[in-house]
Amino acid sequence: MSTSNTLEGILSQYRNSAYNNDLVWINFTRRTDKFPFLKEHRDFIEKNNLGFGDRAFHYMWYLLISHLVLKNGHPKVLEIGVYKGQVISLWALIAKYLNSTIDIVAVSPFTGNISNNVFLNNPFVNKVRGYISQKFIQNQKVGNYHPRQDYFSIIREVFEHFELNFDEVNKIKGYSNSEPVLKCIKDMHLDIVYIDGDHSYDAVVKDIQNYSSLIKPSGFLVMDDASYFLPGNQFWKGYEEVSRACAIIEDLGFTNVLNVGHNRIYQKDLVTTRSINKKIFL
Ligand SMILES: C[S@@+](CC[C@H](N)C(=O)[O-])C[C@H]1O[C@@H](n2cnc3c(N)ncnc32)[C@H](O)[C@@H]1O
């Protein structure tokens, strides 16, 4: 892989092969640890069970945000599926490190959908639930269950730990494709949309359709858990349903420019001759 430290340098040499995908993932993991502030943030997340994903993604976000800061100074970025705030706090931290400002939009229910009670998370009870409901099995398969907790307080603590201001984040509480949420986001112009919410096929397709049109030309759509069909042996590849949904992205005027483990980065074409659907899909 490229020894370049710029996004352009890395993109110009990237090819989607098993060799390259493994090397990107390994190198990005190492590069995360070379930046003390990235390493400290990821260590804190891992130690306190505050998020998912791979260490390599911290360097990926550093590359993307610093590219945007150099380009226009004040990026506007949106995450679908915030959980305990790993990614939004990282974005704020990277902007602070770069002496820049950033507009962060966080779309999430900020609540869980399953009891935190140990008994109700018992494998035996879940097996019985599985017999009763196919939907339960399906949601469990794609990691759609999260314990009920006070997510706002948890995220605020993460922000405070890194001396960041959670009040500056535009928090949109709800499900990404619900009518009230779509009303809030419909006029946004974004540099990055990061999709990591509901992992079922239909929901991911709707997220892509409803949010990709908000991305500025040459901005980025980053899909989590999306590399199921990609070559590579070193990393977990995500969910089949999410990865299958990604098949629609290039027809919406995007090019897959880089893959980092199970995160796939698509860049919006500057000029597109492809048909772009701007309808809202409920
Ligand atoms: C896998 S977690 C996200 C992890 C987080 N991005 C990180 O890197 O630490 C998925 C999150 O998406 C939320 N979620 C589920 N369906 C959603 C939807 N339709 N819209 C927004 N958020 C959703 C869940 O409540 C949960 O917080």
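**Close-ups of a helix pair and a sheet**

**View 1. How α3 crosses α5.** Helix α3 passes helix α5 in a right-handed crossing, meaning the near helix is turned clockwise from the far one by less than a right angle. Helices here are DSSP runs of H or I with at least four residues, strands are E runs of at least two, and both are numbered from the N terminus. This is a predicted model, where local features need pLDDT of at least 70, side-chain atom pairs count only at pLDDT 80 or more, and totals for chains, interfaces and linings use all residues. Residues are numbered from 1 along each chain as its sequence is written.

**View 2. Who touches whom between α3 and α5.** On the α3 side look for Phe-37, His-41 and Ile-45; on the α5 side, Gln-86, Leu-90, Leu-93 and Tyr-97. Contact means C-beta atoms, placed from the backbone, within 7 Å.

**View 3. The seven-stranded sheet.** The strands line up as β3-β2-β1-β4-β5-β7-β6 in an open sheet with mixed pairing (two strands pair if DSSP finds at least two bridges between them).

View 4. β6 and β7 (residues 263-268) run antiparallel, joined by six bridges. Zoom in and you'll find Asn-259 opposite Arg-264 of β7.

**View 5. α5 on the sheet.** Helix α5 packs on the sheet and touches β1 (76-80), β2 (103-108) and β4 (190-195). Its direction makes about 180° with that of β2; axes are lines fitted to C-alpha atoms, for helices over the stretch in contact, and angles run from 0 to 180 degrees between N-to-C directions.

Key:
Contact = placed C-beta atoms within 7 Å.
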